[in-house]
Each structure stands twice: as C-alpha cells, then as structure tokens.
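Here is a note for a colleague who is opening this structure for the first time. The points below are meant to be read with the model in view.

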Amino acid sequence: MRIFAAEEADLLVALADGIFEEPLWGRFLALLHAKTRAACVGVFIQFAGSDAILERVVGNPLPSKLSRISHLRWQEDATQWKMREGRVYAEHELMDLEVRKIMGPDRPSTSGPIKFMRSVQIAEVGGGNGWITLADKHDLSAATGSLLHHLAPHFRVALRSLTALKKERARASLSEEVIGQLNFGWLMLDSQCRIVNSTANIDSLLRRTDALRRGPHDRLLFRAPDMDQQIAKLVADFATGASRRPQPFTLGDDPWTDIFVTPARNAPSGDKGNAVAIIYVNGDRWSQQDRCGQLVDLFGLLPSEARLAWTMAQGRSISEAATDLEITLETARNYSKKIYSKMGVRGQAELVHVILTSALAVI
C-alpha cells in the first residue's frame with residue numbers, strides 16, 4: 001500500500017472535502033493541476049439513470065475527441081469497450097477495436113496543443129461512473145500514472161459520499177416542500193434567543209403574523225412583552241439544563257398561529273451558534289375573513305352563517321361564539337340550524353370534523 005507524501009495527502013483531503021464545494025472538487029483539481037503540471041485536469045461524473053456527464057475541468061479544455069473516448073462506458077450489449085476500474089489508461093489504449101468502430105480508425109490528432117492523456121475510471125454501485133483525466137501536449141510521466149492509480153480508491157469513496165449526499169439533499173428538499181404545504185416550520189435558538197437554523201419556509205410563516213418576527217442580529221422577537229419574557233426565560237432554562245417541560249403558546253387567532261417550544265436535544269447546530277431550543281411554528285395562511293369567504297363558496301353559507309361556523313370550528317360553544325360575534329344566543333341558534341342543514345351535519349362535533357377534513361385543511 002502506497003504511503004502518500006504530505007503534499008499528496010493534501011490531495012486526499014481536498015478530494016474528500018470537494019463534494020461540499022461549489023463547483024465540486026475545485027481545490028482538489030487546483031492541487032492536482034499544480035502537482036502534475038498537466039495542461040488539462042478534469043473530474044467527470046455520470047450519475048446513475050442519467051446520460052449527462054458532469055464535467056469539472058481546470059486548465060485548458062479537453063479536446064472533444066479525447067473527451068469522447070474517455071467517457072465511453074460499458075453497456076450490456078457490449079458494443080462499447082469497458083475500462084477496467086482502477087487501471088490508468090493512455091489515450092492510445094482507449095482506442096480499442098470496438099471504439100474505433102464508433103470513433104473512427106485514427107488516433108487523436110497530434111496537430112493540436114493537447115494530444116496525450118491519462119484517465120482512470122471507478123464505478124459506484126447505484127451511483128454511476130466517475131473519471132479523473134489528465135491531458136497535456138507532452139506525454140505524461142509514469143509517476144503521474146501511479147498517482148492516478150493510487151487516487152482511484154479514494155475517488156471511489158468520494159463518489160460514494162457524493163451520491164449519498166445527493167440522495168439526502170433530495171429527501172430534505174421533499175421534506176421542506178411538504179412542511180411548507182402544511183403551514184408548519186421550525187427554527188432553532190441559541191441561549192440568547194437568536195435564530196441559528198430554520199426551515200426554508202420560516203420567513204414566509206413569520207410574514208403572516210405580527211405576533212413574532214426576526215429582529216436585529218437574528219433575535220426572535222415577540223410582539224407581546226410578557227410573551228417575549230416567558231420565551232426568553234424558557235430558552236435560558238433549557239440552556240442551563242434546568243428541568244423544564246416543553247410548552248405550547250397561542251400567539252394569535254387571526255390568522256391563527258401557535259408555537260411549541262422544546263429543548264434542542266441532539267439537534268444539529270447552525271453556522272451561527274449552538275442551538276439550545278427548537279420552536280415549532282404552526283399557523284394558518286388565511287385570515288378569518290378569508291376562511292369565512294371560503295366556507296361561503298364551499299358550502300353555500302351566508303356570510304353571517306359562515307362567520308358563526310368558523311368560530312364554532314375553533315372550539316367555541318354556540319354561546320361563546322355568539323358573544324364573540326356580538327349576536328344574540330337565539331340568533332346564533334337559528335343560524336346554527338341553517339348551517340347544519342346546508343352542511344349535512346347533526347351537530348357541532350360533526351361541523352368541526354367536516355370543516356377540518358374539507359379542502360380548507362390543505363390550503
């Protein structure tokens with residue numbers, strides 16, 4: 001097993017870190033370019049299920065003919081030649097008999113500035129293929145070929161990690177989309193109530209209410225001073241490890257918004273600090289007036305009936321709803337009979353069930 005020198009060990013670190021860079025492997029390619037002094041240094045990736053090839057190149061562009069023969073991959077009908085994994089190939093070795101049928105009989109033109117190449121391929125099960133390719137106007141040394149050969153297994157690990165990272169990012173993106181559709185999000189706070197991490201939709205949720213907002217230095221602020229003090233005290237207790245139960249708070253009812261504050265046990269921290277608390281935010285995207293209008297459209301209620309139906313759907317009794325709407329109890333009872341008839345329900349419990357399972361629950 002080859003022991004990498006210190007300057008070559010930097011290549012391995014850059015190869016591992018490169019999956020988090022944009023563009024991919026920028027530092028790795030720069031180091032490899034500086035070490036080999038090749039005119040062209042590139043990493044080429046073809047992910048499973050895609051014919052497209054992702055290219056990351058430092059230096060001069062790879063001539064089209066060299067690029068094409070370095071990207072040929074194995075197919076089940078065996079009409080294309082397979083590069084043996086981990087072996088370093090020169091440009092003339094890639095011009096196999098079967099490849100000649102596709103590419104033509106001539107080896108790459110020697111009239112251009114770049115005519116020599118070394119390429120190594122690896123394949124990740126379920127993750128596609130990858131190549132590291134060097135090209136130059138002069139023939140590349142045996143030491144360069146040896147370096148590529150010993151980089152190959154580390155490149156395999158990097159490609160495996162990149163594939164896993166892409167899958168996790170896809171899952172996270174889907175989760176974020178679902179969370180956004182549910183009018184639900186979360187944010188993490190440090191001990192000073194500063195936001196250190198959050199779902200992508202959190203600012204959209206905060207814009208729907210004036211009960212809480214993002215303040216200077218990303219501190220989460222509440223409109224009500226007593227609420228702000230309660231949350232700050234709760235978060236501070238979480239930070240010190242004091243035994244406190246997670247607590248829910250109602251912030252407003254037009255539009256309806258509530259939160260649930262809990263310790264951030266084993267939660268990943270953001271770039272801005274360590275999270276000690278998580279606040280789950282749940283809220284309606286529509287005002288009460290909007291919801292009443294939707295009930296009119298959905299069930300054919302009169303506006304006055306829709307206001308009573310929506311108030312009762314929030315868990316208020318008929319008498320409480322009458323007080324809230326400033327109508328008499330007798331008027332509320334008359335309205336409720338018409339509401340039940342139009343909606344096909346037999347009482348408040350069924351009324352709540354129908355509204356909460358109707359189309360209003362998903363918009």
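1. Helices (H or I, at least four residues) and strands (E, at least two) are taken here as DSSP runs, numbered from the N terminus.

2. The model is a predicted one, in which local features need pLDDT of at least 70 and side-chain atom pairs count only at pLDDT 80 or more, while totals for chains, interfaces and linings use all residues. Residues are numbered from 1 along each chain as its sequence is written, and side-chain values use heavy atoms, with hydrogens and water left out.

3. By the salt-bridge rule the count comes to eleven. One of them joins the side chains of R156 and E85, at 3.1 Å from N to O, and this pair links distant parts of the chain, with R156 in helix α5 and E85 in the loop between α3 (64-70) and β3 (88-90), 71 residues apart. R156 is partly exposed, with a relative accessible area of 25%, and E85 is also partly exposed, at 36%.

4. R316 and D324 meet through their side chains in a further salt bridge (2.8 Å, N to O); R316 counts as partly exposed at 32% relative accessibility, as does D324 at 40%.

5. Turning to the interior, a nonpolar core is a set of buried Ala, Val, Leu, Ile, Met, Phe, Trp, Tyr and Cys residues joined through side-chain atoms within 4.5 Å. The largest such core has 29 residues, and those with the most contacts inside it are W25, F28, L32, V43, I132 and F155. At least two residues of this core come from each of α1 (6-17), α2 (26-36), β1 (40-46), β4 (116-124), β5 (128-136) and α5 (142-181), and α5 gives the most, with nine residues.

6. Contact means heavy atoms within 4.5 Å. F28 touches L11, A14, L15, V43, I132 and L151, not counting residues up to four places away in sequence. Apart from this core lies another, of 24 residues, among them L187, F222, I259 and V261.

7. How do α9 and α12 pack? Helix α9 (residues 303-313) and helix α12 (residues 348-356) meet at an angle of about 95 degrees, with their axes 9 Å apart, the axes being lines fitted to C-alpha atoms, for helices over the stretch in contact, and the angles running from 0 to 180 degrees between N-to-C directions. That makes α9 roughly perpendicular to α12, since angles of 65 to 115 degrees count as such. The contact is made by A309, W310, M312 and A313 of α9 and by Q348, L351, V352 and I355 of α12.

Technical notes. Buried < 20%, exposed > 50% of the residue type's maximum accessible area, 1.4 Å probe, protein only. Parallel < 35°, antiparallel > 145°, perpendicular 65-115°, else oblique. Salt bridge = Lys/Arg side-chain N within 4 Å of Asp/Glu carboxyl O.
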